[in-house]
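Please examine the sequence and the model before turning to the points below.

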Amino acid sequence: MADDNDLERTEPASPKRLQKAREEGQVARSQELTTFALLMAASASLWGIGSFIIQKLTVMLESGLRVEREVVFDPALLAPRFFSLMLDGLLAIAPLLGCLLIVALLSPMLLSGWLFSTKALVPDFKRLNPANGFKRIFSSRGLVELIKAIAKAAVIGGVAAAIIWSHKQDVLDLIGMSMDSSLAGIGRLIGMTFMLIVGAMVLLVLIDVPFQLWNHARQLRMSKEDLRKENKEDEGDPQIKGRIRSMQREMARRRMMAEVPKADVVVTNPTHYAVALKYQDRSMRAPKVIAKGSQLVAARIRELATEHHIPILEVPPLARALYHHVELDSEIPETLYTAVAHVLAYVFQLKRYQTVGGNAPELSSDISVPAELDSATT
């Protein structure tokens, strides 16, 4: 039962899933919003430049009805005349077409923002499968689209019928009017009908936009198993990551061990911790910890120190402080200068004794570290 629940798509889409769907051109779209925006743009354009368009079309119509005799009997003159009339008509409605083109391109951005994806242009032969087509027709989405189409037809048809019925006498009166008066009356009637139909479309938009957002989110929902797989892809397989970290630690340990032969002294606990120190007065401000470790790593550091004749000193408080409070390849803190100075002084005296001879040096018994740095006292 738990496995079945994990496979159910109950979780909202992750940001990665949303981004991938967007790259593939899968975003929330509302055809009703686009239609409403186009109708509003058309009505605003006709309201603003309708007289200009009518004037230009009237001139074009009058020019088209006046045909010279020589043009009628000369096909070479007739074709340019028709081309000139079509160009005049196109220029007359060009502002309206330009406005509608801009709105058609920008209106989808109101819901999903700017999106340019070429994946929608890739041929998908599965769409040519009649079985898939029938599935889409009889799916829940197909049912919703059918309901929307019926509602749209009912709203538009109902508004248009109501206006015509309420103005039926005005329509009949147009028969007895002059051409100019009847055209003006028809224009007013069409404009009023158009504006009321656009207003009625607001209801469809207010219903369709939330539905499209909800449906888009529903289609991209993920199961708990999908989320686990995505997290594993993003973060990597824990076993592989653990193996990589293990290899990195091993490589770092090898590099650290390679530095032990360069040390001046190894300070021990004596068995739990081992810290290798190095100091060069011309290139270092203070001694550095070039290797450190506990348990088996500490034992290996001591073995390497013995093999390369590096002095090993048992100073437990200092070893603990260096191990716990100084990072690898870092200088020791000022609070440990005095303790380390005692150790290095002894090491340098020991080297001189081994080379020149004389009195054997003795390690100072007054090597102490601050209590807050000694883990044994905290």
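What percentage of the 378 residues of the protein count as buried? The share is 29%, where buried means under 20% relative accessible area, exposed over 50% and partly exposed in between, with a 1.4 Å probe and protein chains only. The model is predicted, so local features need pLDDT of at least 70 and side-chain atom pairs count only at pLDDT 80 or more, while totals for chains, interfaces and linings use all residues. Residues are numbered from 1 along each chain as its sequence is written, and side-chain values use heavy atoms, with hydrogens and water left out.

**Confidence and overall architecture**

- The mean pLDDT of the protein is 78, and 85% of the residues score at least 70; pLDDT is the predictor's confidence in each residue, from 0 to 100.
- The secondary structure consists of 15 helices and seven strands, taken as DSSP runs numbered from the N terminus (helices: H or I, at least four residues; strands: E, at least two).
- Among these elements, the lowest mean pLDDT (52) belongs to helix α1 (residues 2-7), and the highest (90) to strand β4 (residues 273-278).
- Of the contacts with a separation of 6 or more, 74% join residues 24 or more positions apart, a contact being heavy atoms within 4.5 Å.

**Surface**

- The accessible surface amounts to about 25400 Å², and carbon and sulfur atoms contribute 62% of it; the areas come from the Shrake-Rupley method with a 1.4 Å probe, and for residues only the protein chains shown count as cover.
- A nonpolar surface patch is formed by F82, F83, M86, L87, L90, L91 and L97, with about 730 Å² of accessible area together.
- Patches are made of residues with over 30% relative accessible area and no salt bridge, with like charges joined within 9 Å and nonpolar side chains (Val, Leu, Ile, Met, Phe, Trp, Tyr) within 5 Å.

**Helix α10**

- The structure has two aromatic pairs; rings of Phe, Tyr and Trp (its six-membered ring) pair if their centres lie within 6.5 Å, and planes under 30 degrees apart count as stacked, over 60 as edge-to-face and the rest as tilted.
- The pair of F211 and W214 is tilted, because the ring centres are 6.0 Å apart and the planes stand at 40°.
- F211 and W214 are three residues apart in helix α10 (residues 179-219), so about one helical turn separates them.
- With 24% relative accessibility, F211 is partly exposed.
- M192 also has its place in helix α10, and at 32% relative accessibility M192 is partly exposed.
- Leaving aside residues up to four places away in sequence, M192 touches I163 and H167.
- The C-alpha atoms of M192 and A160 are 9.7 Å apart, and the two residues are 32 apart in sequence.

**Salt bridges**

- Side chains of opposite charge can pair when their charged atoms come close.
- The structure contains four salt bridges, each defined by a side-chain nitrogen of Lys or Arg within 4 Å of a carboxyl oxygen of Asp or Glu.
- One of them joins E259 and K262, at 3.4 Å from N to O; E259 is partly exposed at 28%, and K262 is partly exposed at 45% relative accessibility.
- Another joins K351 to D264, with the closest N and O atoms 3.8 Å apart.
- K351 lies in helix α15 (residues 337-356) and D264 in the loop between α12 (238-259) and β3 (265-268), so this pair ties together parts that are 87 residues apart in sequence.
- K351 is partly exposed, at 37% relative accessible area, whereas D264 is buried, at 10% relative accessibility.
- R285 and E331 also form a salt bridge, the closest N and O atoms being 3.1 Å apart.
- R285 belongs to the loop between β4 and β5 (288-294) and E331 to strand β7 (residues 330-331), so the pair links parts that are 46 residues apart in sequence.
- R285 is exposed, at 73% relative accessibility, whereas E331 is partly exposed, at 26%.

**Positive phi angles outside glycine**

- H309, a residue other than glycine, has a positive phi near 60°; H309 lies in the loop between α13 (296-307) and β6 (312-314) and is exposed, with 71% relative accessible area.
- D329, likewise a residue other than glycine, has a positive phi near 65°; D329 is placed in the loop between α14 (316-325) and β7 and is exposed, with 51% relative accessible area.
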